[in-house]
Number of protein chains: 2
Amino acid sequence: MTKKHTVILQPSGRRGKVDEGTSIRVAARELGVEIESICAENATCGKCMVLIEEGRFEKYNVDSKREHLSPVGSDEQAYFARRPNLLKTKGWELGQVRLSCQCKVLGDVLINVPEESRGNKQIVRKSARERAIEIKPSVRKYYVSMTPPNLERPIADWERLAKGLEISMGLVRRGEENLPRWSDLSIDYACLRTLSSTLREAKWNVTVSVWQDKEVIAVQPGYVEESYGAAVDIGSTTVALYLCNLRTGEILAAESEMNPQIVYGEDVMSRIQYSIEHKDGLEKLHKAIISTLNKLLKQAIKSANLSLRAQVAKQSSDEEENPTDEVPLFSQGLLRREEHSPRNDMKTDEILEMVLVGNSTMHHLLLNLHPKDLGLAPFVPTIHKSVDVKARELGLQINSSGNIHVLPTIASFVGADTSAMILAEEPHKQDENWLLIDVGTNAELILGNRKRLVCTSTPTGPALEGAHVEYGMRAAPGAMERVHIDENTLEPKYKVIGVDGWNTDHAEFRGHVKGICGSAIIDSVAELFRAGIVDSRGKFKKGLGSTSSPKGDRIREGASGWEYVIAWAEETSIGRDIPITQQDVRQIQLAKAALFTAARTLLKRSNLESPDKIILAGGFGSYIDKEKAMLIGLIPDCALENVYAVGNAAGDGARIALLNVEKRKEIESVTRRVERFELPTDPEFQNQFMLATSFPHMSESFPHIAHLIPHRVPDPLAKNFMK
Amino acid sequence: MTKKHTVILQPSGRRGKVDEGTSIRVAARELGVEIESICAENATCGKCMVLIEEGRFEKYNVDSKREHLSPVGSDEQAYFARRPNLLKTKGWELGQVRLSCQCKVLGDVLINVPEESRGNKQIVRKSARERAIEIKPSVRKYYVSMTPPNLERPIADWERLAKGLEISMGLVRRGEENLPRWSDLSIDYACLRTLSSTLREAKWNVTVSVWQDKEVIAVQPGYVEESYGAAVDIGSTTVALYLCNLRTGEILAAESEMNPQIVYGEDVMSRIQYSIEHKDGLEKLHKAIISTLNKLLKQAIKSANLSLRAQVAKQSSDEEENPTDEVPLFSQGLLRREEHSPRNDMKTDEILEMVLVGNSTMHHLLLNLHPKDLGLAPFVPTIHKSVDVKARELGLQINSSGNIHVLPTIASFVGADTSAMILAEEPHKQDENWLLIDVGTNAELILGNRKRLVCTSTPTGPALEGAHVEYGMRAAPGAMERVHIDENTLEPKYKVIGVDGWNTDHAEFRGHVKGICGSAIIDSVAELFRAGIVDSRGKFKKGLGSTSSPKGDRIREGASGWEYVIAWAEETSIGRDIPITQQDVRQIQLAKAALFTAARTLLKRSNLESPDKIILAGGFGSYIDKEKAMLIGLIPDCALENVYAVGNAAGDGARIALLNVEKRKEIESVTRRVERFELPTDPEFQNQFMLATSFPHMSESFPHIAHLIPHRVPDPLAKNFMK
């Protein structure tokens, strides 16, 4: 019987007995700790370094000596000899640091697996709370070195590669029955087409990218470490793409573009309409988004290469100061310098996977699925389940064998972007009840905790994004972003993007304002209400008299009804007074009524008074004043410190799904159990909606902002509002 | 506890106990007998009819009465009421015949499952021996009837379909844990694209085609019974396509065309050369075969529809004589008449799968894989394993979601056609040692039995197909197909395709001969040798003197050396004497030497003197005179009654793989264990080859044709030939 020895692994603390002669890397795997390796355990990649912890042995009461491991072999010695600086920099000595694929257990040992050698890396994401994301990409790379074929063994290229791969992937070594064998591996057809020329060009030394442990999707000559992927959030207005390193999780570039479909319709409904009314409508909408995605991919690669080039330049100037005497591995023909150095010549076909999210309409248009049934009752999408499709099927210019993963949709108007938001924020893992709101032209809402999640969606109109508001504009330099109205003088002050401080902080303030962006619109309406200029029904009050402004009366009857001037013509770059009009207030009332009714419906269905936390996703949520939003009743009452703006949660979710393949399964199963409400089917909806257009001053429903609510305007309607 | 009853199923004899209340169809499945059904057990398709066998109960000692089954229900009654002729024709009465999905077990019963209701049907194939092929296609059809979506349940189209499918496929009912659930089903992307419009057009009643029990590849409106598939043998010269009904196995059309790649090179080597020398060579060769396959598909559909139309016409005239009073199911909106009647409007996208075979070069050109490494030592193919790829990836015009299955290759020059031949002839299931030979421009040979199979290949040149022979031609009207030479008078007689009997049977024989096809060339050379006109080295003997022909001397020195005139100019339509020349004899010698050496090598490696059976595949094998072939040493010695010509075994194998998905796994594993010999690596090869060019008259090696061998020409070389 083989002798057994105890192995303890730090920092995980995992321990257990393994057979004498087992390598540390294999021992670690048996004990549940993955250690990196991409050279098929040939002592060439150095990814599997571990530290032999002699100093702390007594603590564990293990009698561990260096002789408890096989001596440093010649391959291992050669590896470190080629990198004398490595040991110097880290202050390590050979023997203390070992290649875990080479050193074998001969007695009890205590091993420290440093962060960089751990198989499942993590990156930290800033969110409602900090959270680590484990890196488990669907694509893994393996280095395979083959004996060239000869007349005695003229086995086919694929079988030769697959057998080599079986060793590199450790399929043979593990010897577990349910693991795939080489004959279970497959190769994508497009990749097969170039296989024979690549193998010969590479002199039978290649790096193979395997998707989901089962399909070969890329074969690159020589030794290649990095894989790349892209995560994309397709918004109705903006498309954002993140180019990531699939091994480290690092974001190499983030690019965004306007959604080109805007020319066919500003909101999803008008795009659906376009696709119905025009024979080639779907084709145009589909091609528009595909070509923008391809443009973003190119831009991202360019940016990534630029910053990598800067990095390399810095590195080599550092090296001049501390010259390296590393004997390059490429002199052995094993590595090519340009591939071992940080890359600055990334090509589109090195992007091996893409994860996309978007609302149901964006989802359908991306996949070239006709969206007409999304626009007609009963508003049914073609598919909820996530979709995996080859890049070439969609014409996306990443590696043509690469996979395109589109996250699942949840309901008619609760799309893959909401799935991504759930993945990023994880309400399904909470004990508290969280309310997630993604506000755009349409708003999606998720409420619940680990036991139950309910969702709904509602159109909010474009007002919250600054559109359809008389002087509305996007958040860009010159846009008013904050507004405050003195409730005594009724005089405003405001902040403008690109200018420090309030306008009143400056002696003169000429020509700085261009328009009003979403957050300032919310502010303005909230302030008009708080200052008592508009009543709880949103109507401008008559008889307030003239304001004390020296420039004239700010509350006035304009061309299209009553309005309040925030900026006089001379303060603007457009040479016109910028007012908030009765019409603008009306737009915001409709939007907030929709949002508020949706939130109240979910709360009521969940038997909750209010959520424990409110999470606002999307660009909109990041800029609005939470207090003001609550004041006009855009969001339900909640302690203000529990209202979080998390930015592009959909984009974060897409990135999480890109970097961790298990998260895809997780969200698939979570979305399947989310309960959906279609608001129009709620008999009370219309009634509640009308009530919700008024501004909330039922202080009992909004204890957290009660002090801000003007008490001079009691509103009897509030009593009838659904609880 | 539920009561249990015994169920006996005929003709299989399977028996066992099942729970009371189980339907006969489910009971049968539990006992291992599949009964057809495509209506999701709704008593509408009638595929699951069974007979209740009362008369033979005593024999089985089962006390079985009709009350042992649930009474005939209204659905069942309705089914038979709509088809009164059905019972009349068969002489059955209701109660004796039942729908097995409807009738439930209430006591012990004896059931007869008629052939047409059995789930796994068989067709019989004529081969070296008669053999039944079980029908288990990779594509199965299921009828799914869904509730349309509404605002209360606006679940997506795919999920609605998949859940319905789960019931139709019996995934839920079986309740076994390892069976897929609806959420494990997937849908091909191209099929997904049309899903929503098909479902609505079909008013939510569709027939779904599922590939390999896991992927939906077609959704057709209404109730559709038949699926179609195509099996193709791509020869270097001829491409043969069989259009089959995947449910019954019936061949609906068989079409063939010349391989259009011939214009780029007559044999595989010259086509490989063309692909190397021309930048767009591969593309041209690939596109040529794809467009021919598409042409064949169109032709086959046209033929199939023509013959189906004839069938329908016959049927309706029969019906006029015996009018049917069937109440059509389509009046209930369930069936559409045109789909229930035999079809005559089959479309290309109803062809749901295609299985292709061909030699390694044809295999590579079909798949658009560069064949250059097949043409250069060490002659390595890109892949051995079978390939599954979507029709749209290759541009093959069947259903774009349909699968293209290409059988595995075995060695450099032993391709997917040989795999198909093995599948058709099954040497791997024999105790005897069989030698399979597929002769074309290249010959592939397989030798062995269930324990061991060895294979090799050898170029034979075009002579055996009538090419490169001075007056050679294809087997077509006007081609000489048989030749006999009187060994005393040295006068010939011959048979011509399209003319009855020998030429000598006719008083005059003018203008009938155009040339000599392969079988007549073998005959001629064998007869020249047998009659002593050429010697064992294949040389025309001098000094035989003039022959007794009144038209002149048949043995004469022509422009390019000695020759023997078979037909005088006046007997031909070309106005020239048709001779067999020294050069022709030489061509045959080289071809037969290659073939013979290959066969001897395999026999030697298997320690065998001779095979128990010789199976000649391919058109060539069907027409040659086995005795003559053995006389010139084209094939090794074997009892003549054990030499079989099986025609297009490769095409048969393709058809078997098309109709039975399990056969694909079988051949994959068989090909993996076939031992390959590359002849050029055999050190003795050149020497043996030279020896084998002489004609075999070592009677000890050919006991079965010893009486034919002319003893006047002893050949000392024979003694040195490998045993």
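This is a predicted model: local features need pLDDT of at least 70, side-chain atom pairs count only at pLDDT 80 or more; totals for chains, interfaces and linings use all residues.
Leu490(A) sits in the loop between β21 (479–485) and β22 (492–496) of chain A; helices here are DSSP runs of H or I with at least four residues, strands are runs of E with at least two, and both are numbered from the N terminus. Leu490(A) has a positive phi of about 60° although it is not a glycine. With a relative accessible area of 10%, Leu490(A) is buried; buried means under 20% relative accessible area, exposed means over 50%, and partly exposed lies in between, using a 1.4 Å probe and protein chains only.

Residues are numbered from 1 along each chain as its sequence is written, chains are lettered from A and ligands numbered from 1 in the order in which they are written, and side-chain values use heavy atoms, with hydrogens and water left out.

Asp213(A) also has a positive phi, near 60°, and is a residue other than glycine. Most residues other than glycine have a negative phi, and most peptide bonds are trans. Asp213(A) belongs to the loop between β10 (205–211) and β11 (215–221) of chain A, and its relative accessibility of 41% makes it partly exposed.

Now for the peptide bonds. The one from Ala377(A) to Pro378(A) is cis, with omega near 5°, and Pro378(A) lies in the loop between α12 (372–375) and β16 (387–390) of chain A. In chain B, a cis peptide bond joins Ala377(B) and Pro378(B), with omega about 0°. Pro378(B) is in the loop between α12 (372–375) and β16 (387–390) of chain B.

How do the chains sit relative to one another?

Taken as a whole, chain A has 21 helices and 29 strands. Of its 723 residues, 60% are buried. Among contacts in chain A with a separation of 6 or more, 67% are between residues 24 or more positions apart, where contact means heavy atoms within 4.5 Å. Chain A exposes about 28900 Å², and carbon and sulfur atoms supply 49% of that; the areas come from the Shrake-Rupley method with a 1.4 Å probe, and for residues only the protein chains shown count as cover.

One helix of chain A gives a closer look at burial. In α3 (residues 74–81), the buried residues are Glu76(A), Tyr79(A) and Phe80(A). They cover an arc of only 90° around the axis, which puts them on the same side of α3(A); the arc is that of the directions from the helix axis to the C-beta atoms. These buried residues of α3(A) pack against β3 (49–52), α4 (84–90) and β4 (97–99) of chain A. On the face turned away from the buried side, α3(A) carries the exposed residues Ser74(A) and Ala81(A).

Over in chain B, strand β15 (residues 351–358) is mostly covered, with 8 of its 8 residues buried. Strand β12 (residues 228–234) of chain B runs parallel to β15(B), joined by 7 bridges; two strands pair if DSSP finds at least two bridges between them. Here Tyr228(B) stands opposite Ile351(B) in β15(B). β15(B) also pairs in the parallel sense with β17 (residues 403–406) of chain B, over 4 bridges, and Met354(B) has Ile404(B) in β17(B) as its bridge partner.

Finally, confidence. The model scores ipTM 0.81 and pTM 0.81. Chain A has a mean pLDDT of 83, and 85% of its residues reach 70 or more; pLDDT is the predictor's confidence in each residue, from 0 to 100. Among the elements of chain A, helix α10 (residues 337–340) has the lowest mean pLDDT (42) and strand β17 (residues 403–406) the highest (98). Over residues 323–341 of chain A the pLDDT is below 50, and this stretch has 31 contacts in the model beyond near neighbours in sequence.
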